[in-house]
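I opened the notebook to go through this one step by step. Entries follow in the order I looked things up.

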Amino acid sequence: MKYRWEFRSCDATDTIHRLQRDLNDLPEPLARSLVLRGIETFDQARHYFRPSPEHLHDPFLMQDMDAAADRVLEAIGRQERVLVYGDYDVDGTTATTLMVSFLRMQGLEVTFFIPHRFEHGYGLCEAGFDAAAAFGATLVVALDCGITAVEQAEYAKSKGIDLIICDHHKPKETLPDAVAVLDPKRADCPYPFKELTGCGLGFKLAQAVLQRQAQPMEEAFQYLDLVAISTASDIVPLNGENRVLMREGLRRLQRQPRLGLRTIAEHANVDLSTCATRQIVFTVGPRINAAGRLGSAHLAVDLMLADDPAEADRLAQQLEAMNSERRLIDQETLAEALRQAELQLTSKTRHALVLHQPHWHQGVVGIVASRIVEQFYKPAVMLTSYEGGVKGSARSIEGVSIFQALTECQDLLNAFGGHDYAAGVSLDEAKVPEFRERFDAAVGKRIQPEMLYPIIHIDAKVDVSSIDGRFWSVLKQFAPFGPDNKTPIFMADDLQVVGRPRKVGQDGAHLKFRVRSTAAPQSVPMEVIGYRMRASFNALQESWYRGQPLELLFSVQENHWRGQTTLQLRARDLRLSQNGERPAA
């Protein structure tokens, strides 16, 4: 893959230098990285580096929180039965686990309902309220769904069931008629932070109830391990209140994780004591998601609620087997999709890919669509057949709104929805060929030549000889990383490759080598690891053999090996220097 290297724009030179001085001669690349994240003063830096529970907002700033807390307290006082209604993804299942745990701690009899992805579809459905009525519930608390469920809220009312909605998706003009609708994205909601997850909203509701009971805020912290899992997995911005919740949640996950999460981690060979956002996103989260993708998400909730080690182990084994099956389906589907994509690109120059296979599993087409985009760097739609038509997932590239492109094709579609970079779509199978051409044309209108290659955004230029213990002690406090707080990427040029570079890993897919600045020939070489960068090996070897300086994009990380911890550069891209050759040292 060819990348565009682009420095993130920052004209605040005076601000950078002031921040350097205020933070005890902070290295300029780190000061620049802070300013790029909106950190311009000493107080802002202190807040950023030391996010604290004291920085959490009062839950009663949220519209309808008074009504929601009062209704839950009423249920507690009357010992009503409650049904918690969640969604089948990680955010929905962790939110369900949190609320069920919290209400049971309050002494209530509680059950839960999560719709089946294929039987019920997304969101509130009549079957869920039928289950609530059969259980004898007089209150349903819905999390991570419900903001557009106007008809379903009326159905609940007809059943004599009160409804509290805790959702973080964008509402439509008309809100459901419920006891309370908690959603910071409501136009009339003054809550200062708008990007909480569904699980985060469940935490705020629990916090509000405890506050009304005059209980200490710390009582709610036992649920922050779940909030951390949801916040990392749902790809929400990791700034503001989410940064506080994520930091505190990671601490809880590292020190006192609930049994179910600890058992998932054990089966996945994840050390929770050093767990970071990356381990959640790529290891823990996908396992929780597997239940809802291939079967019933109830399995994941049952596991996260488990208090018996033997039962937790049994459920974790089932989840691990399900995740292994999901990965196999992913691999088979990806292989078929790649072949189909190659055929489409061979027959015609295309701006986008629309891939369809009747037997593809609905639970994995979104994942595979993302991988097709990564492989070809073109917007992609993955479609599979179901009774009545085809449906699937669309993914896009930076700068191209897939939602707008789909809007141009809406006369061909039965339904679609989403945002700029991800959407869902359904249509009649007979219309797929026409949709493929129309969608390709719609994307073509929006693509400029420079968009054909992915961008690596660079925070700052760095002399690798300056990366020392102090540099790292500050840099690691930038974590936790995620959207709107991504891992800083640095550039170094005029590098000398020290020693012969090697291919490592299965099939030699990764690169390992050492570099140092030619301006500091006596400095200790830095070790570099380049994951899935085998295609860059020839350039790397040429740099080493001919002594031509190297330019490198990288992040900084710790490497733990045989009890030793060292700093390591993680290569993101490399190329031979454009400044000419130099004799080998």
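How many disulfides does a search of the whole structure find? I ran the search on this predicted model. The count is zero. Cys125 is in no disulfide, and the nearest cysteine sulfur, that of Cys145, is 9.2 Å away. Cys125 is buried, at 12% relative accessibility. I then checked Cys199. The closest cysteine sulfur is that of Cys166, at 11 Å, so the two are too far apart for a bond. Cys199 is buried as well, at 0% relative accessibility.

**Entry: the parallel sheet**

I traced an open sheet of five strands. The order is S3-S2-S4-S5-S6, with parallel pairing. Strand S3 (109-113) and strand S6 (180-182) stand at the edges; each has a single partner strand, so one side of each has no neighbour in the sheet. From one strand to the next the twist averages 20 degrees. I picked one pair to look at. Strand S2 (residues 81-85) runs parallel to strand S4 (residues 139-143), over four bridges. Val84 has Val141 of S4 as its bridge partner.

**Entry: a proline by the sheet**

Next I looked up Pro171. This residue is in the loop between strand S5 (162-166) and S6. Is Pro171 buried or exposed? I read a relative accessible area of 17%, under the 20% cut-off, so Pro171 is buried. Leaving out residues up to four places away in sequence, Pro171 touches Ile147, Asp183, Lys185 and Arg186. Pro171 and Lys185 are 14 residues apart in sequence, yet 7.0 Å apart C-alpha to C-alpha.

**Entry: a hairpin**

I moved on to strand S10 (residues 413-418) and strand S11 (residues 422-427). They pair in the antiparallel sense over five bridges. A hairpin of three residues joins S10 to S11. Gly417 has Gly424 as its bridge partner in S11.

**Entry: helix H19**

Which residues of helix H19 (residues 537-546) are buried? I noted Phe537, Leu540 and Ser543. Down the axis of H19, the buried residues fall within an arc of 125 degrees, so they line one face of the helix. Asn538 and Tyr545 are exposed on the other side of H19. I checked what covers the buried residues of H19. The cover includes strand S14 (490-504), strand S15 (510-517), strand S17 (550-561) and strand S18 (564-576). Gly547 follows H19, and its phi is positive, near 75 degrees.

**Entry: salt bridges**

Side chains of opposite charge can pair when their charged atoms come close. I searched the whole structure and got 31 salt bridges.

I started with Arg314 and Glu311, whose closest N and O atoms are 2.7 Å apart. Both lie in helix H14 (residues 309-347), three residues apart, about one turn of the helix. Arg314 is partly exposed at 41%, and Glu311 is partly exposed at 31%.

Arg350 and Glu437 meet in a salt bridge at 2.8 Å, N to O. This pair links distant parts of the chain, 87 residues apart: Arg350 is in the loop between H14 and strand S7 (353-356), Glu437 in helix H17 (residues 432-444). Arg350 is buried at 8%, whereas Glu437 is partly exposed at 32%.

I also logged Glu408 with Lys445, at 3.2 Å between the closest N and O atoms. These two are 37 residues apart. Glu408 is partly exposed at 31%, whereas Lys445 is exposed at 61%.

My last item was a network of salt bridges that links Arg8, Arg37 and Asp459.

Notes
Residues are numbered from 1 along each chain as its sequence is written. This is a predicted model: local features need pLDDT of at least 70, side-chain atom pairs count only at pLDDT 80 or more; totals for chains, interfaces and linings use all residues. Side-chain values use heavy atoms; hydrogens and water are left out. A disulfide is a pair of cysteine sulfur atoms within 2.5 Å. Buried means under 20% relative accessible area, exposed over 50%, partly exposed in between (1.4 Å probe, protein chains only). The arc is that of the directions from the helix axis to the C-beta atoms. Contact means heavy atoms within 4.5 Å. Two strands pair if DSSP finds at least two bridges between them. Axes are lines fitted to C-alpha atoms, for helices over the stretch in contact, and angles run from 0 to 180 degrees between N-to-C directions. A salt bridge is a side-chain nitrogen of Lys or Arg within 4 Å of a carboxyl oxygen of Asp or Glu.
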